[in-house]
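Visitor: I'd like to learn how to read a pocket. Can you walk me through one?

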Amino acid sequence: MTPDPLAPLTPLPKFRFLVTLDPGDAYLPGPQALLLPLVASGAFQEVTGMGAQLEVTSYAEGGRNDSVHQLPLRHTWNRIVLKRGVVRDPGLWAWYQAGLSDSLGARRDGAVIVLGTDGVPAAAWAFHGGLAAKWSGPDLHAEQNAVAIESLEIAHEGLTKVLQDAASAAVGAVTAVARRSPGGRAGR
């Protein structure tokens, strides 16, 4: 069976994902790390906010009237928002509570992993130095039969793409093959 050459270019489903939250002990001395509860993988209904922006300022150069320079200032990361049904496990609430008393102790690394249609990890982003910045409890309605949802916003110090971007790897491979001639030399 030959692999589908277009498979790396197929968009991934957004309903198959995992979220992992590492223990906060990487940011603390040993005795303090033992006091923090562990937060393991969670089943979340929704993950939003994975993104970043570059702040840019306009600079008009004297004597140049046809354009304005755009200069980069600083890079900022959006907060990651996790939503899930309220459960009896106090993991997310305990992480938020730990941040109220000691912000260094509440830092955690974690990852958002998108699964392919076959259930195998296909793309992943790791966040670093995350703080539980905002916890929101459920909206309760006596007239509705719905799951109570809690959310947690994570302010972090950066995202890293963990798995190789399959689309760019496939494009690079196709381009390299197209440029080669039978003699192994670049085509003209």
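This is a predicted model: local features need pLDDT of at least 70, side-chain atom pairs count only at pLDDT 80 or more; totals for chains, interfaces and linings use all residues.

Visitor: What counts as a pocket, and what is a lining residue?

Guide: Rolling a probe the size of a water molecule over the atoms shows where empty space is left. On a 1 Å grid over the protein atoms alone, a pocket is an open set of points where a 1.4 Å probe fits, with protein on both sides within 12 Å along at least five of seven lines; lining residues have an atom within 4 Å of a point.

Visitor: How much space lies in the second largest pocket?

Guide: About 250 Å³, counted as the space filled by probe spheres set on the points.

Visitor: Which elements give two or more residues to its lining?

Guide: β2 (46–48) and β6 (108–115) do. The biggest share comes from β2, with 3 residues. Strands are DSSP runs of E, at least two residues long, and helices are runs of H or I, at least four.

Visitor: Which classes make up the lining?

Guide: There are 7 nonpolar, 2 polar and 3 charged residues. Ala, Val, Leu, Ile, Met, Phe, Trp, Tyr, Cys and Pro count as nonpolar, Asp, Glu, Lys and Arg as charged, and the others as polar.

Notes:
Residues are numbered from 1 along each chain as its sequence is written. Side-chain values use heavy atoms; hydrogens and water are left out.
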